[in-house]
Amino acid sequence: QEPPSPPLADGTYCYGLHVNDIAGNFGTETTSQRPQVVVVNNVPPDRPTNVSPLNNAYTNDTTPTFQSSAFSNPGDTHRATEWNVCSNSTCSSIIWNSGTDTVNKIQAMIPFGLSSGAQYWWRVKHQDSNLAWSPYSNATSFTVDTVAPTITSVTSSGAVCETVSVT
């Protein structure tokens, strides 16, 4: 069963129940006999870490797969993840936001190609089954490079067996 939306804020709540039958008759509300008390204290999940790509990584894949650390929140379960790819280190310029992703919780692939020669940053956050979000992971950078290297010069002294310098 899904938690209430929006979720209850932390605090103490009292509630009562009453029943009705198929004919529409209502029973006595339980609060008149004994109020029910619920204490809500939803601790958000731990901040995830970026597993892959690592900080300052290079990739020739324009649609890289991102992987976060495992969900961590004792006594709670992993409901969703939000993935961001950004064009700056503060992530004030987000170029992809997965939204609330309930399928790709630990790894996700960006659904479009990134530009070669560009540096990007990515971050992730986890949501628990009570709809509390973790803080974002620290943004880590990666560079997409799909251009193959070229040989610009070869230097040889002319000997049959020698070491050749390639630049």
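**Notebook: an all-strand chain**

I looked up S5 and strand S8 (residues 107-109): they pair in the antiparallel sense over 3 bridges. I count two strands as paired if DSSP finds at least two bridges between them. Strands are DSSP runs of E with at least two residues, helices are runs of H or I with at least four residues, and both are numbered from the N terminus.

I am working on a predicted model, so I note its limits: local features need pLDDT of at least 70, side-chain atom pairs count only at pLDDT 80 or more, and totals for chains, interfaces and linings use all residues. My residue numbers start from 1 along each chain as its sequence is written, and side-chain values use heavy atoms, with hydrogens and water left out.

**Entry: the whole chain**

I find 0 helices and 12 strands in the protein chain. I checked burial next: 28% of the 167 residues count as buried. I use buried for under 20% relative accessible area, exposed for over 50%, and partly exposed for in between, with a 1.4 Å probe and protein chains only.

How much of the contacts with a separation of 6 or more comes from residues 24 or more positions apart? I get 62% in the protein chain. A contact here means heavy atoms within 4.5 Å.

The chain exposes about 10,600 Å², and carbon and sulfur atoms supply 53% of that area. The areas come from the Shrake-Rupley method with a 1.4 Å probe; for residues, only the protein chains shown count as cover.

**Entry: around S5**

I followed the side chains along S5 (residues 65-68), and they alternate. Phe 66 and Ser 68 point to one face and are buried.

I then looked for bridge partners. Thr 65 has Met 109 in S8 as its bridge partner. S5 also runs antiparallel to strand S3 (residues 50-52), with 2 bridges joining them. There, Asn 50 stands opposite Ser 68.

**Entry: the open sheet**

I traced an open sheet of 5 strands in the order S4-S10-S9-S6-S7, with mixed pairing. Strand S4 (57-59) and strand S7 (94-97) stand at the edges; each has a single partner strand, so one side of each is left without a neighbour in the sheet. The twist averages 30 degrees from one strand to the next. For the angles, axes are lines fitted to C-alpha atoms, for helices over the stretch in contact, and values run from 0 to 180 degrees between N-to-C directions.

Inside this order, I checked strand S9 (residues 119-128) against strand S10 (residues 140-144): they pair in the antiparallel sense over 4 bridges. Gln 119 stands opposite Thr 143 in S10.

**Entry: the disulfide**

How many disulfides does the rule give? I count 1, taking a disulfide as a pair of cysteine sulfur atoms within 2.5 Å. Cys 86 and Cys 91 form it, with their sulfur atoms 2.1 Å apart. The torsion about their S-S bond is about 100 degrees, so the disulfide is right-handed.

Are the two cysteines buried or exposed? Cys 86 has 0% relative accessibility, so I log Cys 86 as buried. Cys 91 has a relative accessible area of 5% and is buried.

Cys 91 is in the loop between strand S6 (78-86) and S7. Leaving out residues up to four places away in sequence, Cys 91 touches Cys 86, Arg 123 and Ala 139.

**Entry: the core**

I looked up the largest nonpolar core and found 12 residues, among them Phe 66, Trp 83, Trp 96, Ala 108, Trp 122 and Phe 142. Two or more residues come from each of S6, S9 and S10. S9 gives the most, with 3 residues. Such a core is a set of buried Ala, Val, Leu, Ile, Met, Phe, Trp, Tyr and Cys residues joined through side-chain atoms within 4.5 Å.

I picked out Trp 96. Not counting residues up to four places away in sequence, Trp 96 touches residues including Phe 66, Trp 83, Val 85, Ala 108 and Pro 111.

I found a cis peptide bond from Ser 52 to Pro 53, with omega near 0 degrees. Pro 53 lies in the loop between S3 and S4.

Asn 56 is found in the loop between S3 and S4. Asn 56 has a positive phi of about 65 degrees although it is not a glycine. I log Asn 56 as exposed, at 53% relative accessible area.

Leu 131, in the loop between S9 and S10, has a positive phi of about 75 degrees and is not a glycine. Leu 131 is buried, at 18%.
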